[in-house]
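Good morning, and thank you for coming.

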Amino acid sequence: MKKEEEKLVSLKFVYGNTYKKLQKGEYKLNPGGRPLDNSWVGYFWPENPNLKVGDFVEKITWTLHPTFHNPVREEVKAPFELKCPGCWGYFDLPFAVKFKKSIGVPVHHLNFELAFEENGV
């Protein structure tokens with residue numbers, strides 16, 4: 001019987017957020033009349049754009065600031081992004097990446113500060 005060779009591959013991922021200031025007609029007002037005119041998306045992507053995050057990740061658990069309604073949010077479908085239209089605030093955004101069992105990598109706990117300058121980070 002032929003023994004299969006194990007091959008180690010290095011994968012790099014990038015993470016952060018995109019940001020867009022919404023224009024009139026693209027946003028709603030909150031109950032107090034304040035425009036919800038900010039939109040950001042938290043992401044965790046393979047550095048190589050030819051790879052798909054869904055081939056490696058099972059789920060990502062995002063933890064928003066505790067003042068948010070439902071601050072712990074799980075994304076179980078690729079691209080596993082956290083979309084937050086109308087949200088605003090500078091705070092750290094911790095998240096946990098659970099990789100697929102076949103990848104053989106434990107859960108990674110990561111964190112970054114939201115950025116609203118120059119379309120995010």
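Let us begin with strand β3, residues 57-63, and strand β6, residues 92-99, which pair in the antiparallel sense over five bridges. Strands here are DSSP runs of E, at least two residues long, just as helices are runs of H or I of at least four residues, and both are numbered from the N terminus. Two strands pair if DSSP finds at least two bridges between them. Within this pairing, V57 has F99 in β6 as its bridge partner.

Before going further, I note that this is a predicted model, in which local features need pLDDT of at least 70, side-chain atom pairs count only at pLDDT 80 or more, and totals for chains, interfaces and linings use all residues. Residues are numbered from 1 along each chain as its sequence is written, and side-chain values use heavy atoms, with hydrogens and water left out.

Strand β6 is also joined to strand β7, residues 108-113, by six bridges, and the two run antiparallel. There, P94 stands opposite N111 in β7.

I turn now to the loops. Most residues other than glycine have a negative phi, and most peptide bonds are trans. In the loop between β3 and β4, N70 has a positive phi, near 55°. The loop between β4 (72-75) and β5 (82-85) holds P79, and the peptide bond from A78 to P79 is cis, with omega near 15°. F80 lies in the loop between β4 and β5 and has a positive phi of about 60°.

Which of these residues is buried, and which partly exposed? F80 counts as buried because its relative accessibility is 3%, whereas N70, at 44%, counts as partly exposed. Buried means under 20% relative accessible area, exposed over 50%, and partly exposed in between, with a 1.4 Å probe and protein chains only.
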